[in-house]
Amino acid sequence: MRILTGLQPSGKLHIGNYFGAMEPAICLQSQGEAFYFIANYHAMTSLHNGPELLANTRELAVDFLACGLDPAKAVFFRQSDVPEVNELAWILSTVCPMGLLERCHSYKDKVAKGISANHALFAYPVLMAADILLYDSNLVPVGKDQKQHLEVTRDLAVKINEAMGEGTLTVPEPMIRDESAVVPGLDGQKMSKSYHNTIPMFGEEKPLRKLIMKIVSDSTAVEDPKPTENSTILALYKLFVSDSDYQEMVASFQAGGFGYGHYKTLLWEAYWNYFAPMRARREEILADPGYVDQVLRQGAERARETAATVLNRIRKATGLSA
Ligand code: ADP
Ligand code: TRP
């Protein structure tokens with residue numbers, strides 16, 4: 001079984017990205033043949049600053065490896081190192097009805113937000129379908145926001161198979177992550193770069209501590225019991241500690257007697273300790289820049305081998321080659 005997913009290199013990783021996307025991908029890397037890539041072509045739909053794209057791509061590679069992506073288990077590569085994906089995107093676009101793309105929420109949302117609609121933003125789901133279909137992927141773990149793009153991918157694969165012959169493309173299954181796993185941000189809304197409420201995974205100790213102390217809480221008096229429902233502090237604490245430590249904090253909330261500052265300090269310590277091994281691994285990786293280059297080079301080679309086989313099959317089926 002081939003498991004494939006992509007992450008856009010769009011700036012500093014936050015703990016929502018970690019628990020929502022990276023940790024699940026890392027858990028899955030031993031469950032099948034994992035293909036994980038950095039979607040730098042996709043990032044270009046909103047970023048046109050070369051040095052920044054390059055730096056973000058590198059940072060995501062370092063962070064993913066620091067978090068436990070194991071290049072011996074997963075094929076880890078940059079999307080642009082397999083430019084063949086653009087050929088498949090073209091082939092898919094020849095069977096893609098305009099209406100299918102016009103209905104895509106993420107495109108409509110971005111346009112509604114005032115982002116100027118370039119062709120790439122519109123065609124984004126076709127490139128994403130090519131990412132998936134180029135590697136004969138069976139399972140694609142993604143967040144709920146990507147569900148519709150997976151439906152487009154399946155539609156396009158079926159259309160190609162109908163037109164060019166069954167078995168030309170492998171129709172993938174989505175694996176949609178549980179939405180109850182949404183990590184709240186500093187203000188209690190979903191943690192997201194666009195809401196400016198994120199807690200980064202990596203950074204300097206002092207500013208990060210300050211950030212956690214800024215988590216929005218209510219004005220319950222120190223001695224009074226604190227509400228446990230919808231508590232951002234509790235929801236975040238749960239991610240970092242054992243169930244018994246979590247239950248202890250719940251009980252303390254219910255008993256009263258401590259102010260929110262106390263709980264934020266405990267949360268800070270839990271967060272800082274949780275990421276300590278990843279921070280240490282990240283320092284090691286940063287000290288050896290050749291390592292990341294080598295991982296990405298080998299990943300690209302392996303990805304291209306698979307891509308070449310699949311593309312060869314598609315080129316024959318379409319009549320592009322004999
Ligand atoms: P952002 O909302 O900060 O721009 P992205 O949309 O780039 O984040 O998300 C990248 C990945 O991280 C996606 O798979 C998304 O589902 C996951 N993710 C982002 N924020 C959260 C969150 N608050 N909780 C759980 N998963 C998240
Ligand atoms: N669009 C995805 C996101 O923003 C990233 C992505 C690009 C992707 N190509 C993919 C995810 C292929 C899964 C499979 O999160």
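His196 counts as exposed, because its relative accessibility is 73%. The exercises below concern a predicted model, and each is followed by a worked solution.

## Exercise 1. Overall form

Which radius of gyration does the protein have, and why does it agree with the value for a compact globule?

*Solution.* 
Step 1. For 322 residues, a compact globule would have a radius of gyration near 20 Å.
Step 2. The protein has 22 Å, so the two values agree.
Step 3. The C-alpha trace spans about 80 × 45 × 35 Å along the principal axes.
Step 4. The secondary structure consists of 14 helices and five strands.
Step 5. Of the 322 residues, 47% count as buried.
Step 6. Among contacts between residues at least 6 apart in sequence, 77% join residues at least 24 apart.

## Exercise 2. Domains

State the domain bounds and describe how the two domains are placed relative to each other.

*Solution.* 
Step 1. The assignment gives domain 1 as 2-183 + 289-318 and domain 2 as 203-274.
Step 2. The contact takes five residues from domain 1 and five residues from domain 2.
Step 3. The C-alpha centres of domain 1 and domain 2 lie 36 Å apart.

## Exercise 3. Two buried residues

*Solution.* 
Step 1. The cut-off for a buried residue is under 20% relative accessible area.
Step 2. Thr306, at 14% relative accessibility, therefore counts as buried; its place is in helix α14 (residues 289-318).
Step 3. Beyond its neighbours within four places in sequence, Thr306 contacts Arg2, Phe35, Leu134 and Tyr135.
Step 4. Asp136 has a relative accessible area of 18% and is therefore buried; its place is in the loop between α7 and β4 (139-142).
Step 5. With neighbours within four places in sequence again left aside, Asp136 contacts Arg2, Thr170, Val310 and Arg313.
Step 6. Asp136 and Ala235 are 99 residues apart in sequence, and their C-alpha atoms are 38 Å apart in space.

## Exercise 4. A partly exposed loop residue

Where does Ile115 lie, and how does its sequence separation from Ser46 compare with the spatial distance?

*Solution.* 
Step 1. Ile115 lies in the loop between α6 (105-112) and α7 (119-133).
Step 2. At 35% relative accessibility, Ile115 counts as partly exposed.
Step 3. Ile115 and Ser46 are separated by 69 residues in sequence and by 8.4 Å in space, C-alpha to C-alpha.

## Exercise 5. Surface and charge

*Solution.* 
Step 1. The accessible surface is about 15,600 Å², of which 52% belongs to carbon and sulfur atoms.
Step 2. There are 32 positive and 38 negative side chains.
Step 3. The centres of these two sets lie 3 Å apart.

Technical notes
Residues numbered from 1 in each chain as written. Chains lettered and ligands numbered in written order. Predicted model: local features only at pLDDT ≥ 70, side-chain atom pairs only at ≥ 80, totals over all residues. Heavy atoms only, no water. Helix = DSSP H or I, 4+ residues; strand = E, 2+ residues; numbered from the N terminus. Rg over C-alpha atoms; globule rule 2.2 N^0.38 Å. Buried < 20%, exposed > 50% of the residue type's maximum accessible area, 1.4 Å probe, protein only. Contact = heavy atoms within 4.5 Å. Areas by Shrake-Rupley, 256 points an atom, 1.4 Å probe, with all protein chains shown as cover. Lys, Arg positive; Asp, Glu negative; His and termini not counted. Charge placed at Lys NZ, Arg CZ, Asp CG, Glu CD. Domains from an automatic or database assignment.
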